[in-house]
Amino acid sequence: MAQFAWKGHKDIFKGVGIYHLTFVVRERKPLLGRLAGDAQAPRVERTPLGSAIARTIEYLPVHYRGLKIIAKQIMPDHVHLALHLYEDYGYSIKEISRGLRQAWRKDYLKAIEAEAAGIEAAAASVAITRQILSAEIYEHSAQPEAPQMASAEIYRQPPKQEQPLFEAPYIRTLARKGQLDAMIRYIHDNPRRAMLRRQHPDLFTLRRNMRVERTAPQQSDLIFTSLGNLFLLDYPDKQPVICSRSLSEQQIAEQQTAALRQAENGSVTVTAAISPGEKQIAKAIRGAGFPLIILLKDGFPQAGDERERYYKPGGVYFEACAAGQLLLLEPDTQTLTLPDIQTRTNETLRAKAEARHWNYQPLPVSSDRYRLMAANEIVKQLCN
């Protein structure tokens, strides 16, 4: 057996490694099954095509030597696979995924042919039954009733064009320890997560150009892309969490204690979660089950991106969204460039520079440094 090594960028899809593959049915058609049960006991009831695809997956180690299936999950409109290529026989994970898609297309065509054959047989049976009944009731029927299809709408011809059943797969290579267990949990947990999204669609809807009015006169609205519980913005008491990177562990712990106390009294915590202190306090607030608003930097897919329609937060953020305890906001460029936001951000940056005896030159609004500092100014505005 070849020695296992975490993958680097140059050989990310080659040779020995552990891979997470996601195959999405074209146009997200639920051809593989249906979601059933509830969030406590969800399941996917597979279609004949879904069952055929599952059998094809089981034969993977037979066709590709040195390959092991770690985990799999067949959802109504996509498939998750965790594969361990533990011996290098010269083929890449991309070749394996290409072979799978070709095999699944054959399964698809067979399923359509079987369905068509079944419908034709059923139609013939119906026609024969009609003729028998007709002979019993009408002894002198002039002509027997012509055979008819059970339903012309049900019958579907196999597709003529060679369009793939699945879109190009998304392949993720595990690159560090700790990812494998998280990936297996994610794959097995997919039905429950899908059920939660079905039960709470508003909490997982990506909204563009969401406006927040400001109370001060003659101030423009703040514009965001958002996902989560918008009602958190309506809470009368919101507390900002902003921590300098220069804070000691003790100072962060004291600020965390104060923030938790405020959250217990009904405050919604708002933070950009940028510095280590902010991240620590946000984690404590979320872990305690208190509501939380987090400002993101480039956290959502761009408008028009193919992932936009099906985007969902990962890990613990997903659970907090499902519970209605989280709102994710990403400031629009128009918000980042509002005159008062720019002025206050530059004042903060100038004060930091002068404290270190540096000459300050205003940063372009496109720079990461400006955007991160502007996020804290927006946090303050949301809490006013």
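Here are some numbered notes on this predicted model, going from the whole chain down to single residues.

1. Ground rules. The model is predicted, so local features need pLDDT of at least 70 and side-chain atom pairs count only at pLDDT 80 or more, while totals for chains, interfaces and linings use all residues. Residues are numbered from 1 along each chain as its sequence is written, and side-chain values use heavy atoms, with hydrogens and water left out.

2. The chain overall. You're looking at 11 helices and 12 strands; both are DSSP runs (helices are H or I, at least four residues; strands are E, at least two), numbered from the N terminus. Of the 384 residues, 40% are buried, with buried meaning under 20% relative accessible area, exposed over 50% and partly exposed in between (1.4 Å probe, protein chains only). The accessible surface is about 22100 Å², and carbon and sulfur atoms hold 50% of that; areas come from the Shrake-Rupley method with a 1.4 Å probe, and for residues only the protein chains shown count as cover. Among contacts (heavy atoms within 4.5 Å) with a separation of 6 or more, 70% link residues 24 or more positions apart.

3. The four-stranded sheet. This one is open, ordered S4-S5-S1-S6, and its pairing is antiparallel; two strands pair if DSSP finds at least two bridges between them. From one strand to the next, the twist averages 15 degrees. If you want a spot to look at, S1 (residues 17-24) and S6 run antiparallel and are joined by four bridges, with Leu-21 having Ile-171 in S6 as its bridge partner.

4. Helices on that sheet. H4 (residues 179-188) packs on the sheet and touches S1, S4, S5 and S6, its direction making about 40 degrees with that of S4. H1 (residues 48-58) lies across S4 and S5 (78-85), at about 165 degrees to S4. For these angles, axes are lines fitted to C-alpha atoms, for helices over the stretch in contact, and values run from 0 to 180 degrees between N-to-C directions.

5. The six-stranded sheet. Here the order is S7-S8-S12-S11-S10-S9, again an open sheet, with mixed pairing. S7 and S9 are the edge strands, each pairing on one side only. Neighbouring strands are turned by 30 degrees against each other on average, direction ignored.

6. The parallel run through S10. Follow the strands across: S9 (residues 238-240) pairs with S10 in the parallel sense over three bridges, and Pro-240 stands opposite Val-270. S10 is also parallel to S11 (residues 292-295), again over three bridges, and there Val-270 has Ile-293 as its bridge partner. Next, S11 and S12 (residues 326-331) pair in the parallel sense over four bridges, with Ile-293 opposite Leu-327. S10 (residues 268-271) is covered on both faces: Val-268 and Val-270 on one side, Thr-269 and Thr-271 on the other, all buried.

7. The crossovers. S9, H6 (residues 249-264) and S10 form a right-handed β-α-β unit, and so do S10, H7 (residues 276-287) and S11. Right-handed here means that, with the strands pointing away from the viewer, the path from the first strand over the helix to the second runs clockwise. Glu-249 sits in H6 and is exposed, at 73% relative accessible area. Glu-249 and Gly-277 are 28 residues apart in sequence and 8.2 Å apart in space, C-alpha to C-alpha.

8. Most residues other than glycine have a negative phi. Asn-209 has a positive phi of about 55 degrees; this residue lies in S7 (residues 207-212) and counts as exposed at 58% relative accessibility. Ala-273, with a positive phi of about 50 degrees, is in the loop between S10 and H7 and is buried at 16%.

9. Helix H11. How far apart are the end C-alpha atoms of H11 (residues 368-383)? They are 23 Å apart, which agrees with the 22 Å that its 16 residues should span at 1.5 Å a residue; the expected span is 1.5 Å times one less than the number of residues. Because 12 of the 16 residues are buried, H11 is largely enclosed by the rest of the structure. The buried ones include Tyr-370, Arg-371, Glu-377 and Cys-383.
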